[in-house]
Amino acid sequence: MPQILDEVCEKAARQRIPLTVHLDLTWRCNAHCIHCYLPDHGAGEMTTAQVLRLIEELAGAGTLFLLISGGEALLRPDLFEILERARALSFAVVLKTNGTLIDDHAAGRLAGLSLYRLDVSLYSHRAEVHDAITRLPGSWQRSVRAIQRLTAAGLKVRVVNVLMKANIGDAAAAHEFARSLGASYTLDPTVTPRLDGDRTVTNLGLDLDELRSALSDPFLAGVMRDLCEAHGLPQAVRDGPLCSAGHYSCYVSPSGELFPCIQLPLSCGSVCEPGFKQAWGSQDMEAIRALRLNDLRDCQGCALLATCTRCPGLALMEGDLAGKSTLDCLKATALATVISPA
Amino acid sequence: MSSSYVGRSGAVAARAIDGQTVILQLATSALFTLNRVGSRIWELADGRTTVDQIARRIHEEFEVEAPVAALDALEFVERLAAQGVLLLSDAPLNPDRHSGGEANATNPR
């Protein structure tokens with residue numbers, strides 16, 4: 001599949017087809033995660049009719065992969081109506097959830113929808129560590145029970161973990177725990193700044209020494225190496241897109257604002273008015289598409305390019321789209337000492 | 001087999017992209033890409049159309065000799081049915097249900 005998928009992604013990028021869309025349905029959440037990228041009080045949410053119109057438009061635009069998240073998407077009473085419509089339109093739907101609201105009935109309904117995958121956030125194999133991150137007592141127990149219900153119902157479940165100071169010692173055991181639940185696993189050491197530009201949450205992330213230590217875990221080192229390889233050889237990258245953002249992927253906020261990526265908070269217009277097509281083709285989106293490595297002044301000649309995941313959005317949140325992302329510099333420095341360059 | 005009805009499995013995601021159809025089998029993550037003729041067969045596989053009828057449409061729309069279209073359509077349909085992407089049935093199928101796999105088929109072959 002990877003080779004075919006690469007070809008499809010390349011074609012989508014060339015044709016400006018939004019193959020992959022991340023759609024957050026709500027700002028609301030029953031958890032209060034310390035590292036959440038959404039502002040506490042977002043402005044408005046799309047109505048059911050607006051969401052349904054959007055996904056119709058996305059189907060017509062060529063979107064195949066649809067990641068639905070929040071906030072906690074299960075807080076929307078119309079979630080199943082939206083999922084059913086998305087499946088009727090033949091999307092590959094991934095639902096990202098904290099799982100705490102998934103009882104036997106909900107698990108059964110989800111199993112009947114032929115979703116591609118359920119992503120469930122779980123930050124540790126230990127309840128006290130997880131609950132301290134979600135700031136929702138009992139959430140670990142409920143999330144674990146949800147994973148068990150979902151896998152028992154035949155759904156593919158992936159445990160999604162973010163590595164922070166609060167759970168740094170638990171990464172390997174959390175991976176093993178996910179496996180014991182019948183779930184796959186992914187781990188990201190990036191704490192994303194909030195969508196409103198607030199960067200204080202990034203203080204929760206690992207420092208250089210902690211990153212180096214964490215990368216002794218072969219699984220995390222492998223995840224990071226794959227990310228670097230996905231960026232291609234340095235010379236090729238100079239003439240190609242920096243990443244998929246705006247080329248074949250994008251993010252839609254609960255209020256219907258279109259962004260190139262969840263980590264690139266540059267609003268390109270509303271998908272409700274005038275509509276997705278216009279926002280996707282906006283000048284702001286074109287400006288992102290035009291970015292090349294040669295445009296990143298501070299990265300020219302950097303010896304760490306081969307181990308760098310260079311995110312323009314993280315750089316923008318530090319004040320300059322074409323400047324450095326110190327978060328990526330940190331990761332690239334740690335990676336360079338741990339893994340062989342791609 | 002040529003008189004069998006052909007339907008799309010509910011256990012896939014699919015999208016027409018630049019003249020091709022991209023199909024993702026959700027359970028296995030297997031990805032298929034269909035060319036123009038394959039994409040047309042995919043469109044025609046509505047659960048109420050037989051392999052013979054599909055072959056006739058391919059013959060008419062793509063200027064393929066009728067015997068060749070019949071053989072090619074049958075081979076294509078059987079190959080995707082073996083992968084669980086298409087469904088074959090002696091009776092018309094309920095189109096575009098999403099309960100997945102052979103559960104959609106009556107008397108699946």
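The place of A:Arg135 is in the loop that joins α5 (127–134) to α6 (139–152) of chain A. Phi of A:Arg135 is near 50 degrees, a positive value in a residue other than glycine. A:Arg135 is exposed, because 12 other C-beta atoms lie within 10 Å, and a residue with 12 or fewer such neighbours counts as exposed.

A:Ser90 is not a glycine either, and its phi is positive, about 70 degrees. A:Ser90 is found in the loop between α3 and β3 (92–97) of chain A. Is A:Ser90 buried or exposed? It has 20 C-beta neighbours inside 10 Å and therefore counts as buried, since 20 is the number at which a residue is called buried. Most residues other than glycine have a negative phi, and most peptide bonds are trans.

Chain A also contains peptide bonds in the cis form. One of them joins A:Gly70 and A:Gly71, with omega at about 25 degrees. A:Gly71 lies in the loop between β2 (65–69) and α3 of chain A. Another cis peptide bond joins A:Glu273 and A:Pro274, where omega is about 10 degrees. A:Pro274 belongs to helix α11, residues 271–280 of chain A.

The confidence of the prediction should be kept in view. The average pLDDT of chain A is 90, and 94% of the residues score at least 70. Over residues 232–236 of chain A, however, the pLDDT is below 50, and this stretch has four contacts in the model beyond near neighbours in sequence.

The next step leads from chain A to chain B. Between them, 19 residues of chain A are in contact with 18 residues of chain B. On the side of chain A that touches chain B, the elements giving two or more residues are α1 (2–15) and α3 (79–88) of chain A. The largest share, six residues, comes from α1(A). By type, the residues of this side divide into twelve nonpolar, five polar and two charged.

Chain B has three helices and six strands. From the N terminus on, its elements run β-β-β-β-α-β-α-α-β. Of its 109 residues, 38% count as buried. Among the contacts in chain B with a separation of 6 or more, 52% are between residues 24 or more positions apart.

Helix α2 of chain B comprises twelve residues, 51–62, which at 1.5 Å a residue should span 16 Å; the end C-alpha atoms are 16 Å apart, so expectation and model agree. Which residues of α2(B) are buried? They are B:Val51, B:Ile54, B:Ala55 and B:Ile58. These residues cover an arc of only 100 degrees around the axis, and therefore they lie on the same side of α2(B). What covers them includes β1 (5–8), α1 (36–44), β5 (46–50) and α3 (66–82) of chain B. Just after α2(B), B:Glu63 takes a positive phi of about 55 degrees.

Key: Residues numbered from 1 in each chain as written. Chains lettered and ligands numbered in written order. Predicted model: local features only at pLDDT ≥ 70, side-chain atom pairs only at ≥ 80, totals over all residues. Contact = placed C-beta atoms within 7 Å. Helix = DSSP H or I, 4+ residues; strand = E, 2+ residues; numbered from the N terminus. Nonpolar A, V, L, I, M, F, W, Y, C, P; charged D, E, K, R; others polar. Expected span 1.5 Å × (residues − 1). Arc of directions from axis to C-beta. pLDDT = per-residue confidence, 0-100.
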